[in-house]
Amino acid sequence: MGDTKEETKMMEAGEEPVETKESESKEAIPTNGDMEVTDEGKAPDKNEPVVEETQTEEEEKTQNIEEQVQDEQVNNDNGQHNEGENKQVQTTQVQGEPVTKETTEEGEKEVAQHGKVEEQEQQGGEVVEEEEEEEDVFGSLSVFVTEVFGTLSSPAEPFRSEDRSPRPLALNGIDPTNTMRLLQDLMTYDEEDPDVTYGLSSVDSHSRLAVVSHLLAALVTTLDPQHLRRLATRIMSDSCLWVSRLFRYFESTAYVHEDVREGVVRVCRMLLHTRYPKYKCDGYEALYARPPVLYTSSTVRPGLPQHIATMLGLGSGCVRVVPCNTVVGSPVAMDTAALDRMMAEDLGAQKKPFLVIANAGGGAVGGVDNVGRIQELCNNHEAWLHVEGHALAALTLPNAPNLPAKVGDSMTLPLSLWLGVPSLPYVTLYKAYEASAVHSAGLTALSLHVRLSCLPLWTTLQALGQSGVISRFQHAFELSQYLQQHLATLSRIRLLSPAAPDGSNYVSIQDLITKPISTAQLLETVSGSVVFQYVEESNSGGKNSEYYDNLNSWLGQVVRRDVGTIPLELVQLETAGLVLRWSPMEGPDTHHITLADVDHLIHSLHHQLDILNATVQQRITFTQLVSSANNLQLVEIPGWAGLGGVRYVADLWPDQNTPTESTKEDINALNVHLVSQLKATDSAFSLGEGHDGLNCVRFGMVTADTDISELLSLVITTGREIETSSRFLDQMTDIVRKGIEAATEDLKRENEERIWQDGILRHVPIVGSVYNWFSPPPPPGIKGRTLDLTAGVLESTENIYRYHMQIRHGTDRTRSETKLPPAPSVQTPVSPSASSPSHSRSSSTTSAPAPGSTHSRQASDQPPADVKCAVPTLTANGITAAVQS
């Protein structure tokens, strides 16, 4: 203790502490192996190994952690508390008399402060004022937090885009209420999907305590620095001791960090200082002779080894991925034989096996590596073993708290994820050997200027207790095992996550607590995640096809909609395709999920699997029927899990292998109209789009009693009706267009003929008026054309205005219709072009003259027998003369 105080004194004075010997440094780092971990009030069994703990060793551990925190804080505050002298003189006021004391040693300062407090307690008024001031701090903070949360919880309309967009920092600041309104808008609404609103999830009492602890972790940084160091030492010491005892990792030290990867990175830095003695002086040059190599399994969290190599400056070339077993053992476990071979190769190449990252129930599939065998290889090659995965939570289950768990040299524990409590820090347990290497790696660093990061973990562990933590882990493992047992009985469902063996070797989660079991069997029994997929019958373990990936996507979306309490997620695996995954160890509300909820999930899976099996079976019939139909084409729709798609093609289009742009537009229009007609009959039809970008009729999921032939017959019948109707419309459109063009040409020609009949003199200014006075022109007739769409004939309109009647073409005259006006002077048949579809009526009928009517010019000039009229004609000189008939 004296040496530590002397070192602290020298650091406050700005001097460098003297390095201790290696043996003394090793003794300075305490371990939890000497601590008594037997239950209180229970005598330890004689046959059970008991580890004794003495009061002196406990004090040494607390003292060491306090020295670490003080060491870091003194380095941070050295510029504030050091005035360049070895002694600091303070003047305090005690009962009105100035007292001067030397504070060269921390013990004397504490005594003086303790005496001051006792004297202030005698003066009751001063103590009351301090208590009132402390109450005012929490009271004012409580009022402010209430106002802020009230602003965030009150409903508000979404901001406009210009109000939500980023802007430069305001010169004079913004009112906190407006800031909270902006924060509320950003949390509730999203510009990319404005119709969807978001909200915070409800939290239980333990989660609320963790959230409040973050506020207190920032508030306690306003304490006196010396008192804050002691508080941080106590909280850090308690948290590390509780976690190490929970996971039966006694001979270890804990490092609390915010980033999940930071713990293993700093452990690797400690290893560099330990394995390379010249690394502290020479830096990266000390690694040239024998560069370190990192080994990782392919199932480990992606990017972790590369991140370690980048942070240590080693480069990605030092990372080697060990394949998984393919012939023997689990297909998701590391191949230990390959690892041994790779380590031997690196030793022969003058490289040093440095770190092995093993998986224990982590990753997407949840594979468990053979940790025991990997530990042996690491011991033989002097490598460090780091373990990660959800199965590590099972170390807390056995009812043998005194039996140490031998799992690697270090492990990272995501307690926030496992306990379902938000925003707890990560904890990395590691075996520390040299104090200098631990300090150099920053494993004892604790920043007290920002907040006390371990306070939320401390409060949560105290609120849950040992039984509360273990019960949450046990409940999650039981849910996973229960679901795996039922999925194993379903046909065409393939389990990818490792499951416990059936039969006599089956071990339940309850057996792990009541029966002795090895650590290797413990890790292989539990499963932190369930991964499965729907496969075809002929699939013997290979990757699913794209269509079956679509089926699994549909299955996951439908089941998650039916069972909202269990968050199924879709994961794309390189070796299996799209799979469904649920990890009870990763859900924030797992402790609220019951076995009844899992039964509801299983019932939903049974129902949806019946639909999937029927759809797959009916798809074969569907393909055969579409291939035999003349007007239907089978269409592959990307991302569609139903029967598929069909495209109706008219009789004029099947021969066109490469349709033109106009033909594509016609095909799209016809199929859009077809889908709209089919939806009126059955809502199962929908509009889809194939790989070629053309529209089609989309068929969804079906049941076993669905008549596929009837559905396709309905599509063909409706398509032919639309095709016939569209031909008629196309015919009418072409007739109207040509009728307008013919009428325009006729009127233009008649206008030119009228000019020549009247003579040019009538159209000359002044001369024309004199000429018209001597020879008045005949009254102008009514000019116009009428188009009969039924007969396809363009006629002049003189009979309509003269006799106020029209003649129906294509009908026989009756007796009452024997005396009819003469045929129009102009009759032009209008027929569609050759490229247009033929009309339903015969074109020869529409173009032929109607019975009883003539189309020749000469015949039209002859009036009926009892009607006499003068027909104007043109003479040679252009003067009109009347010809009596």
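# Helix packing and local geometry, tested against cut-offs

Tutor: The protein chain exposes about 48,800 Å², and 52% of that comes from carbon and sulfur atoms. Accessible areas here are Shrake-Rupley values with a 1.4 Å probe, and for residues only the protein chains shown count as cover. This is a predicted model, in which local features need pLDDT of at least 70 and side-chain atom pairs pLDDT 80 or more, while totals for chains, interfaces and linings use all residues. Numbering runs from 1 along each chain as its sequence is written, and side-chain values use heavy atoms, without hydrogens or water.

Student: How many helices and strands does the protein chain have?

Tutor: There are 28 helices and 23 strands. Both are DSSP runs numbered from the N terminus: helices are H or I with at least four residues, strands E with at least two.

Student: What share of the 885 residues is made up of buried residues?

Tutor: Buried residues account for 42% of the 885. The term means under 20% relative accessible area; exposed means over 50%, and partly exposed lies in between (1.4 Å probe, protein chains only).

Student: What makes Arg-248 count as buried?

Tutor: Its relative accessible area is 4%, which falls under the limit, so Arg-248 is buried. The residue sits in the loop between α10 and β3 (253-257). Arg-248 also has a positive phi of about 55 degrees, though it is not a glycine. Most residues other than glycine have a negative phi.

Student: What makes Gln-677 partly exposed?

Tutor: A relative accessible area of 37% puts Gln-677 in the partly exposed class. Gln-677 lies in helix α23 (residues 661-681). Leaving aside neighbours within four places in sequence, Gln-677 is in contact with Thr-718 and Ile-722. Val-715 is 38 residues from Gln-677 in sequence and 9.5 Å away in space, C-alpha to C-alpha.

Student: Why is α10 called roughly parallel to α18?

Tutor: Helix α10 (residues 225-246) and helix α18 (residues 455-487) pack at about 30 degrees, with axes 10 Å apart. That angle makes α10 roughly parallel to α18. Axes are lines fitted to C-alpha atoms, for helices over the stretch in contact, with angles from 0 to 180 degrees between N-to-C directions. Angles under 35 degrees count as roughly parallel, over 145 as roughly antiparallel, 65 to 115 as roughly perpendicular, and the rest as oblique.

Student: Which hand does the crossing of α10 and α18 have?

Tutor: α10 passes α18 in a left-handed crossing. Left-handed means that the near helix is turned anticlockwise from the far one by less than a right angle; right-handed means clockwise. Among the contact residues are Trp-242 of α10 and Trp-458 of α18. The contact of α10 with α18 divides into ten nonpolar, three polar and one charged. Nonpolar covers Ala, Val, Leu, Ile, Met, Phe, Trp, Tyr, Cys and Pro; charged covers Asp, Glu, Lys and Arg; the others, Gly among them, are polar.

Student: How do you know that α18 and α22 are roughly parallel?

Tutor: α18 and α22 pack at about 25 degrees, their axes 10 Å apart. The two helices are therefore roughly parallel to each other. α18 passes α22 in a right-handed crossing. The contact includes Leu-483 of α18 and Leu-601 of α22. Its residues divide into nine nonpolar, one polar and one charged.

Student: At what angle do α21 and α22 pack?

Tutor: Helix α21 (residues 546-562) and helix α22 (residues 595-628) pack at about 150 degrees, with axes 10 Å apart. Their crossing is right-handed. Among the residues that meet are Trp-554 in α21 and Leu-605 in α22. The contact of α21 with α22 holds twelve nonpolar, four polar and two charged residues.

Terms used: Contact means heavy atoms within 4.5 Å.
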